[in-house]
Structures are given as C-alpha cells and as structure tokens.
There are 2 protein chains.
Amino acid sequence: MKVNRFSRYFPILDWLQDYTTETFVRDALAAVIVTLMLVPQALAYAMLAGLPAEVGLYASMIPLVVYALFGTSATLAVGPVAVASLMTASALGGVAEVGSPEYVGAALVLAALSGLVLFGMGLLRLGFLANFLSHPVISGFVTASGILIATSQVGKILGIESGGSNLLEMGHDMWQTLGAINPLTLVVGLGALIYLYLCRNYLKNLLMKLGLSERLSDLITKAAPVSSVIITTVAAWFFNLSAHGVALVGKVPSGLPSVGLPPLDPSLWATLVPAAVLISLVGFVESVSVAQTLAAKRRQRINPNSELIALGLANVGAGIGGGAPVSGGFSRSVVNFEAGARTPVAGALTAIGITFATLTLTGFLAFLPKATLAAIIIIAVGTLIDFAAVRRTLAYSRADATAMIATIVLTLAHGVELGILVGVAASLGLHLYRTSQPHSAVVGRIPGTEHFRNINRFDVETDDKITILRVDESLYFANARYLEDTVLELSSENTSVQDFVLACQAVNEIDASALESLEAINRRLQEAGIRLHLAEVKGPVMDRLRTTPFCQELTGEIFLSTYEAWTTLRQQKSAVGAMSSA
Amino acid sequence: MKVNRFSRYFPILDWLQDYTTETFVRDALAAVIVTLMLVPQALAYAMLAGLPAEVGLYASMIPLVVYALFGTSATLAVGPVAVASLMTASALGGVAEVGSPEYVGAALVLAALSGLVLFGMGLLRLGFLANFLSHPVISGFVTASGILIATSQVGKILGIESGGSNLLEMGHDMWQTLGAINPLTLVVGLGALIYLYLCRNYLKNLLMKLGLSERLSDLITKAAPVSSVIITTVAAWFFNLSAHGVALVGKVPSGLPSVGLPPLDPSLWATLVPAAVLISLVGFVESVSVAQTLAAKRRQRINPNSELIALGLANVGAGIGGGAPVSGGFSRSVVNFEAGARTPVAGALTAIGITFATLTLTGFLAFLPKATLAAIIIIAVGTLIDFAAVRRTLAYSRADATAMIATIVLTLAHGVELGILVGVAASLGLHLYRTSQPHSAVVGRIPGTEHFRNINRFDVETDDKITILRVDESLYFANARYLEDTVLELSSENTSVQDFVLACQAVNEIDASALESLEAINRRLQEAGIRLHLAEVKGPVMDRLRTTPFCQELTGEIFLSTYEAWTTLRQQKSAVGAMSSA
C-alpha cells in the first residue's frame, strides 16, 4: 500500500522497475524522431508567441524531464504548442512590448502561474472542472485559434510586419503594410508552404510506391519540416538572403538556459492570473484528450488529477528554466506513440536531444528564414481547423451548435480569451436552460397492459378524475418551479381531478428546492381538494425522502408502479361510486 | 383570439368585464385594512433605505396603480418591502451621502433601472432565470437580510447614529457610539418593541377569548403597528419628546410627488445596473412566490412573465413618481388576501388611501418617533429569520446546506450583494459538480427474472464476458468524460470482457459532447476488441441518435431491453462456444 500511495504522486516508481534495455532502445528511437520534429516546431511556436527562438528550445528541456518524472502517460509529448503560444501572445501583448526583456520575463511568469494553477487543481482533485469545456466549445475554439494562427503567419510569408490579436486587427494591419511585401521572402515562404503541403498530402503514398514500409514512409513525411528547414537555411546562407531583406532567425545563444525564479512583480502576476487559468484549462483538456486516446490503444489508463500535477510541475519548470507555457502536443504525441515510445523516458531523451541541438545547431539555425517557420506553422494548424465539426454539431443539436458558433465568432472577432469564456458561459447557460424546462408528459394506460404512455402520442385509456404526470428529469432548483407550474396548470385546467400522480422513474435526484416545490404542490393541491401521489420513486431518492416531513404530509400514497397507482385509485373511486349510488 | 392576445398584456381586460358592486365592496374593505398597515411600513422602509419618509409614501402610490393595470395576481400587495429597502441602502451607500438630494435621485434611478430590467426580462420571457435562485439560497439570504435589517435598527431604538452595510461594520459602529444612548428614545423604542411583540404573540388569542371572530381578531392584531404609531406620536407631541433628544420623523411635505424623469446621469445609471439586477431578481422571486401561493388557494393562476412586465412597469412608475424600488410584500399580500380582496382594484384603492393619508396625516406624522418605526421593522423582519430552515436543509442535503450557509455567512459578513451572488454561484457549482459525476452501476440479472440490479447490492447472475453498466443521469458535456473514464476503467480491469452494454433507461438527453464520448468509447473498446451495445434507449434520444454516424459505427447492437441484450449476447457466446468445442 505504501508503494501505491507513493506511486500515485510518482508514477515513475511504477514503470521504472520493469525497465529493460529493449524498452530503452524503443524510447531512444522515438526520442530521435520527436526531436527532429520538435526543433523546428519549438522555434516556430516561440515566434508565434512573440518570443526569441531560443525560448522555444528552452521550453523543450526542463519541462520534458519534469513531465517524465510525474506524468502518467507513456507517450504524451510535452512542449510548446500552437494554441497555447497564441494565447501566450494574446496575454503578453497587453503587458509588455514584443521583443523586450519584460516580454520574455512575463512569459516566464505566465508559465510559472499556469503551472501553479494546474498543480493546485491537481492537489485539490479539480480535474473534473475541465469537463465544463464542452466538446463543441473546445472544437470551435481550436478551429478559430487555427484560423487566427494561420492568419497571423501570412505577414511573415509576405515579409511584412503585421500584428493584431483578432481577425479584424490582423486584416487591418496587413492591409496597411501591404506595400512593403518582400519578393524574395515570398519566394522562400510560398516555396516552403507548397513543399510542405505537397509532402503532407502526397509524399507518403509516393514513398510507399517506391517500396518503403508504411511506417517509415509516414515518419519521413512527418519529418518534412526538417528538410524544409535544412533546404531554406542552406539557401539563405548560400545566397546571402538576409542582405536582400529576408528576415532570418538570427543569432541564437548557444548554451543552456539560466535557471532562476521568474520576475517577482506582484502586479504582473496578478494581471496574468486570468490568462494563466485559461491557458491551463485549454492545455489540460487538449493534453488529457491526446493522452487518453493514445493510452486506450494499449489498454492503459491515465489519471487526470496526476496529469494536472505533472503538467503543473512541467510549467513551473518552464517558468524557472527560461521557457514559456507548455502542454501536450497532439501531432508530436502521435508521432511519439507511432515511433514506439514505451515510457516517459522517451520524453526525457527528447529533452537531451533538444539540448544537444541547442549546443550544436545554433550557428546553423541563425540562417533559418522566419518565413519557413511561418509555413511550418500554417501547415501544422491546418489540422486544427475543422468546419465539418460545425456542420455535424449543427445537424445533431442546435443548442450545442449555438455555443460552438458563438465561440468561433467571438474568438475570431475579439481574440482567444473572450472567445473561450463566452463559449463556456454559453454552453453552461444553454444546458441550464434546457434542464430548467424538463420534459414531462401526461400519460394514460395502453388498454389491456401495465404500460403507460404519453396521451398526446398514443391511444390510451384515461380517467378524468386521475391525472398521471411522468417527469423525465431529475428535479433540482432550476426546474422545481417549472414542475410546480406544470402541475398547477394541469390541475386548474381540469377541475374534476381528484388524484394527481407523479411518475418518477426518470428522477435520479430531488434537491432541497425541489423538495420544497413538492411540499408546495402537495399543499396547493390539498387546498384545491386534490390528493398527490408518487409512483416509481427510485431507491436512493426514496431513502432521502423518507426522512422528511413531506412523506407524512403527503395527502396521497407512494406507489411502487404507475400501474399499481392506477388500479388502486380506480378501485377506490368505484368503491366510492358504489357507496354513493347505494 | 384578439381579445386573448391583448389580455396577455392587459390582464385587466380579463377581470374588469365581470366586475360587480359586490366585488368593489370587498376590494374597498381590503384596501382600507392594507392602507392602515402600509402607512407605518412605508415610512419605516423609507427610513431603512436611508430615504426621507415621504419617499415611502410616494412609492405606495403610482406603482400600485400601475400594478393594478398590468398584474395577474388579484391579491399581491405591491410597495416598499424590507429586503429591497436594505438592498437599496446598500446600493446607494456607495453612490451618494445619505440624506442628500443626490441620494434621493439615485433611488429614483435605481427604481427605474430595476423596472427596466424586469420589463425587459418579461418581454424576452426570461422569467425562468429567477429559478436559478435556489430555495435554500433565497431562504438563507432572507434570513441573513432579516438579521442585518434588525441589527441596523437597534441603533435607532437606542437613539444613537450608527451605520454599516454588514454585521461587522454595524457592530463596530454601534460600539463606537454606545456612549450616546438617549434614555427617552430607549423608553419609546423598547416600549413599542415590547408592545408589538405582545400584540403579535398574544393579542389574537385574547381578542378571541373576549368573543371576537377569528378573522376580526387577526386583523386587529395585524393593525397593532398603527396603534403603536398613534400612541407614541401622541406621546411625543404631548411630552415634547423632540426637545429631550428623541428623533422624530419631522416635517413631511404634505402633497403629491412631482412626476418627472429620474436624473439622467449615464455614469450613475451604469454604476447602479448590477444592484438593480439583483434587486429585481430577488424582488421578483419573492413576489411570484407570494402571488402563486395565494392564487393557488383560489385555484387561480398567475403568469410569471406577465408579472415581470407588471412589476417592471410598477418600478418604472416608482422611478418617475418620486419613489424607490418596490415589490410584492409577503405580509401585506396575505392581509390583502384574508381581508377579501378579489381583484387588483384593491391595490389601486390602497394607492388612493395612501394618497389621502399623505394629504391629511403629515402634520400628525411629523411627531412620530423614529424609534417606533425601528420597532415596527424589527418585529416585521422577525418573520423573515428562519433558522429551522437551515436545520431542515442540513438534514436533507449537505450540498444545498453548503450553498445556504455560504449565503448567510457572506451576506452577514460582506453585505447583501456579495451574499446573493456567492449563493447563486455556489448552488450552480454544486449542482454541476453533482451531475458531472453521474451515478452508474454495473448490473447483473436477478436469477429467473427479467430484472437487472446493482451487482454490489444484490445477489445477481453475471457473465465475465459481458459487462452491463446502467447509467443513471442524462449525458451532457460535464459528465461525458466521466462516463468515458468509468467505461474504460471497467474494461481495463476485466480483460476477459468481449461485450459492453450501456443500459440507458434514465438517460433523457445525449448532447453533442456526450455523443462524441460515446463515439470515443466505441472506438476505444473496438481497439481493445470489445463490442459496445446500447439498451433501453428512450424514443426521443433514439430519434436523434439515428441521424448520426455513431449508429453506423457502433460495433454492437441497440437492444430494446437489458434482458434482450443479455439473452442475445449469451446465446451468441454459447453458439461460438459450441462451434469452437465442436
């Protein structure tokens, strides 16, 4: 038991005892492939976040090692990701000038804060909070973020300086600077874009036709960004493109990040809290989805609350190790999985790979054109944009589609923060609205059976002295008054009613407000000379009702089944009828 | 139909055509009694709100007439009420100095704004929003408000000037000024308090013992505040108590309010919006509860959305007619009902009564000691404080009790606004938390029957190749992932499972997120070689599922009943078993 309690906080204790040389070889191979993929992405997402290139590399060192120690997913590839980088840019834009040391410091604070938020949620076991980001809202948000990200990179392809945190600002900015297009940058950027597009869509099939295995073809295809980096970097060096106005990554400090506390400015920390919460939640939801999808393929389990702690510490690591907010990346995790990673050691080895690259490649990367990175980003976020999901959701549920479209429109028009907040509020509001008007139906007996069905949809037997209302939802404060209204309306419509039966087979819970409503219904029906009965009350609900005065005050009875209520009440009436006619 | 559409907005068209002399006599009698009760209350609640005495009277004129034209309740007595007056004082305290013309102007703005909020909600048919104030939160809020109101009046009884918007501030203020107690004020205040207390608790029985009818005894008891006003006013005039430091109401302008727009200062309006929304919602919930309770006794119905419009216009009337926020008062409405009011005409006649009092009695009321009004308020709010409700709620539901206690504590410690907001947030949060972890149970067959029960609670037949999970809640975004977790945990625990059945008899809805979770569950189980089946899916839920790709992708079948799933799957297995052994 002792070991188990420890391993809840240190999953590494679970898997390290079975670690073999074979596992290491598999992890190492996966790490090499992920490193190749991560180097250009790390540079690109740093640029997207408005940060110097090396920050992306630093964010791919300490956080990966920390996650390997605490994470429960064997294959989640942690590091800089597109959406978190966009949200970082949006959060820091209001706090400091892009390119300034304050901006870089604020990114450290944001990473540390996100980490503390995630870590705290993990300790308090608040992983369930992420469930309040509904699928349509997340999907809409990711689609809109993808569009924003792609748009933000168009300027880099054109060789113009443009900014903005929403589609309108970006469009306006680009329009203003359109005269300054740099033709050579456009050649490099558009060339890289077309090259990456062709690789993504046709290279795999081509390689397979040439006789390579599907897995190898797939991995080579995924490494296309590396070849685009090599080609354009060599070209930039050879043709001295910098002298012709092509923006290059420039001097990247070769060496390791200095470790230390992020700037301790209380007002800066306070300002960044809301953004940190949003980045944490979105990053957590994405990471857990990916990790769960991959774990399920091997019948493994991941623990969301342990993931919160692991991702939290990884971000704290980013904050003290020169990085920026990190989370689990979708495409890199899939590559990690397919390349055969067996344990989090693969992540730690990736960190070593990135460190090696930082120590050796920075001279080379200085000649990398920014337009190449922009092309890599645009192709990468292409997979995020999913309009088919909007169509699917629209066909299935208007309420869900409303929340989704509100999220997309507001994210595009007002930026990521307002977009996700409105999405969450809309989905909560629509859910509460739906459950505040619960479905219920007056039912009658299908002649000759013990079954009762909606009187409006079936040809059923009824009795104008007995109303049976089937309630199709749990009763709680938001719908309690609606039930009161429904019952009182039904009983005032039909003045000959003497008995009112609530059939509760779908009622999983009755909260204190609903209990008061039932008491009020009972009292009001009593004043109108009508008895209230319950039928088919579930065991746990009945257990709690039994302790309340409501059970004593109830003017009628509690029947096991609707059929029992029907036959008992009908017999009573015919007995009374016989007496009065006698 | 034309008439009906009109009468939705003008309920007066409904009841005026049946109006008779007899109805008028009943309405007039009720109006006289309510007027007697309202005069001291109007003055008292104006004082509670920090407003001049006449504002209470003005708020009992135009709003009552407006409500009579648009209201659907025959007996709701609209006017100044205790909780709204406390909330008004709290809202205006931050905006202007008590006693200044700006303070009075801000009260007009607050009334007009509340009116517009209510009116707008009525037009948009948003009456259901009031349902999100759960009963325990309202009840806790009213109890805490009652305590705050009573405490705020203690200073007036002692003859000291004290203020504060929460219990701590009030206590501190009172402690600071305790040296300035005025003994004569204390005699008047404590005398009135004891007199009113004795009347409330013993007068009715005494009068009935003296041979008066119960109804008459009750009405005389309810009029005790009037006699306390008369006695102390005469005493104050006779003994010239003002000269001995007893605070009197003082000169009340005799005449009608001047009608006009409230101050049109945009920043003032903007500042008061949040307070106006809270006052509107709380006032609306109280009014509708009272109106519904009384209407049900006569098998009448009130329409919440029409009530929003009527209360909204009544408050707009208060805003342009020199008043302050109004709503339906509980005790006055009950008196109105018991005195025999038949139609809203009773309310209009009450307004005439108040107008008559304002024109004739202000000379007399100038000598009314404020301590008497404080005593009237303390006795009146005594009925609001209900600690038994806390005990009841605690016994029934810990979650509801948590929201209730949070509301009480925060209202007392931080004032009305934060209290009600935290209460609403807490009850919503707790509800969402509860439904985000839906109850579900693995079930097995009760041998020899078609019934399936929880394997942990019953001795049932199971098959280690078939898992049947009964889901006891509608599936939506907040609990979709929890279901995923439960299913995947169950299937990874038992590796011999080949078929997984979800029994959905309690699932009233599957939203887009839950649909995606079902798709994910289906995919993941498929990857693990397990088929997913559904059973007992409700008609409307099935109708929507049928249009989705999920139905085609489903690896298993959709069974009408759990029993059908059980027998079919068992047969398949025994057939396969027979084949493999053959």
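Biologist: As I understand it, a helix here is a DSSP run of H or I with at least four residues, and helices are numbered from the N terminus. How far apart are K222(A) and D218(A) along helix α11 of chain A?

Modeller: This is a predicted model. In it, K222(A) and D218(A) are separated by about one helical turn, because they lie four residues apart in helix α11 (residues 214-222) of chain A.

Biologist: What do K222(A) and D218(A) form with each other?

Modeller: They form a salt bridge, with 3.5 Å between the closest N and O atoms. In general, side chains of opposite charge can pair when their charged atoms come close.

Biologist: How many salt bridges does the structure hold over all chains?

Modeller: Over all chains there are 24 salt bridges. Between chain B and chain A, however, the count is zero.

Biologist: What about polar contacts between chain B and chain A, then?

Modeller: Twelve residue pairs are in polar contact between these chains, both residues being at pLDDT 80 or more.

Biologist: Which helix of chain B supplies the largest share of the side that touches chain A?

Modeller: That is α21(B), with eight residues. The side of chain B that touches chain A comprises 23 nonpolar, 20 polar and 17 charged residues.

Biologist: And how much area do chain B and chain A bury between them?

Modeller: They bury about 5900 Å², and 51% of this lies on carbon and sulfur atoms. As for residues, 60 of chain B are in contact with 60 of chain A.

Biologist: Changing topic: which residues form the nonpolar patch on the surface?

Modeller: The patch is formed by I230(A), V234(A), W237(A), F238(A), F239(A), L361(A), F364(A) and F367(A). Together they have about 790 Å² of accessible area.

Biologist: Which helix gives the most to that nonpolar patch?

Modeller: Helix α12 (residues 224-238) of chain A does, with four residues.

Biologist: And where is W237(A) placed?

Modeller: W237(A) is found in helix α12 of chain A.

Note on methods: Residues numbered from 1 in each chain as written. Chains lettered and ligands numbered in written order. Predicted model: local features only at pLDDT ≥ 70, side-chain atom pairs only at ≥ 80, totals over all residues. Heavy atoms only, no water. Contact = heavy atoms within 4.5 Å. Buried area = accessible area lost by both parts, 1.4 Å probe. Salt bridge = Lys/Arg side-chain N within 4 Å of Asp/Glu carboxyl O. Polar contact = N/O pair within 3.5 Å; in protein donor to acceptor, adjacent residues only side chain to side chain. Helix = DSSP H or I, 4+ residues; strand = E, 2+ residues; numbered from the N terminus. Nonpolar A, V, L, I, M, F, W, Y, C, P; charged D, E, K, R; others polar. Patch = residues over 30% accessible without salt bridge, like charges linked within 9 Å, V, L, I, M, F, W, Y side chains within 5 Å. Areas by Shrake-Rupley, 256 points an atom, 1.4 Å probe, with all protein chains shown as cover.
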